[in-house]
Amino acid sequence: MAPERNNFNLSGPKHLKAVDWTNEDHRRSVAACLVQGVYVVEGDLRKKRKDSQALASPWWESFHFQMLELLEDDSDSSIFGAIYKFEFPASHSNLSIDGCPCYVIAFRGTILKRKSLERDIKLNLRIIRNALHLDPRFKKAMQAVRSKANLNSSNVWLAGHSLGSAIALLAGKTMAKEGIFLETFLFNLPYPSVPIEKITHEKVMHVIRGAGNAFRAALVLAMKKKFGELPKAWAPCLFVNPADFICSKYDEYFEHKKKMEKFGLGGIERLATQFSLRGLIIGNESEPMHRIPSAYLTVNLTGYPDFKQAHGINQWWSHDLHLKSKLYISE
């Protein structure tokens, strides 16, 4: 059954009147709404409204955030992200802020409008090529993340949807390798890989994937190239929908990793995920974007009639979802 569609307004979800920052559903909903705020700000600017935050501000003000800074792409002047700061309301002295972030850095996904579409498509192609880290948009995002992490690394959230979740993931991975673990919310994260999960025979699928891992692991050893281990203690929150082909493969990805470790082949798996055969073919030896040792994976099993709704950000602040969550930690 599809969820209730009229459960939100211009201020976000109707049911979320008071945020319990220790509640996983509340935290997910707030992170999704702050990403939506970036979409609305960019929409206001694109439509040349006098006040670019006229429709957007309720999405963060209702949760006691202020927008500190907009992140603008120098190539097309579009807004791709924003930095929010939590402001404790003086009129709510009994408000609990345990687990509340001080800063949230949120990134939008692809916008199918003429002004930003061409630029966003180029970014998506960089994801496929494992070259997102070379793009000026990501470098600007990384500067913003470092500036706030250096102030308060224990209380900074990253959040993104689709293309924006790829930026948030790469930023989180970069900081994790430096020993700074940022809580990260990734909505409908793209999975750029050959869709072998479409093979209906489970044993055949795992044999093919295992053979591919062995081949990549051998290449890594032969090339003596290593991209650095990601700490298994850093586990970003992934939110995927099985009806969304862009992100649906993460469930199978982590289950396969679990099976490899169960059979004592975790070392091969870890070596293999350091390298992308697609990257070798196109001349880019960068680390695969979807290389994530640990994650808290949430799958939305609620029924959706089409891809657009299954990929949308608004599903993640609904209160009547059928969710399956599991923590995967690399052994």
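**Close-up views of a predicted model**

View 1. Beyond its neighbours within four places in sequence, Phe-107 is in contact (heavy atoms within 4.5 Å) with Val-35, Leu-71, Phe-80, Gly-81, Ala-141, Val-145, Ala-159, Gly-160, His-161, Gly-164, Ile-167 and Ala-168. Residues are numbered from 1 along each chain as its sequence is written, and side-chain values use heavy atoms, with hydrogens and water left out.

**View 2. The largest nonpolar core.** A nonpolar core is a set of buried Ala, Val, Leu, Ile, Met, Phe, Trp, Tyr and Cys residues joined through side-chain atoms within 4.5 Å; buried means under 20% relative accessible area, exposed over 50% and partly exposed in between (1.4 Å probe, protein chains only). The largest core has 45 residues, and Phe-107, Val-145, Leu-189, Leu-238, Tyr-250 and Phe-254 have the most contacts inside it. Helix α5 (residues 163–177) supplies the largest share of this core, nine residues; helices (H or I, at least four residues) and strands (E, at least two) are DSSP runs numbered from the N terminus. Another core, of 35 residues, lies apart from it and includes Trp-59, Trp-60, Trp-157 and Phe-185.

**View 3. The salt bridge between Lys-140 and Asp-74.** In this salt bridge (a side-chain nitrogen of Lys or Arg within 4 Å of a carboxyl oxygen of Asp or Glu), the closest N and O atoms are 2.9 Å apart. Lys-140 belongs to helix α4 (residues 136–152) and Asp-74 to the loop between β3 (65–72) and β4 (79–86), so the pair ties together parts that are 66 residues apart in sequence. Lys-140 is partly exposed at 25% relative accessibility, while Asp-74 is exposed at 63%.

**View 4. Salt bridges of Asp-135.** The side chain of Asp-135 meets that of Arg-119 at 2.6 Å, N to O, and that of Arg-126 at 2.9 Å. Asp-135 is buried, with a relative accessible area of 2%, whereas Arg-126 is partly exposed at 22%. Through shared partners, salt bridges join Asp-73, Arg-108, Arg-119, Asp-120, Arg-126, Asp-135 and Arg-137 into one network.

**View 5. Residues 204–224.** Over this segment pLDDT stays under 50, and the model has 38 contacts for it beyond four places in sequence. The protein chain averages a pLDDT of 79, with 72% of the residues scoring at least 70.

How values were computed:
This is a predicted model: local features need pLDDT of at least 70, side-chain atom pairs count only at pLDDT 80 or more; totals for chains, interfaces and linings use all residues. pLDDT is the predictor's confidence in each residue, from 0 to 100.
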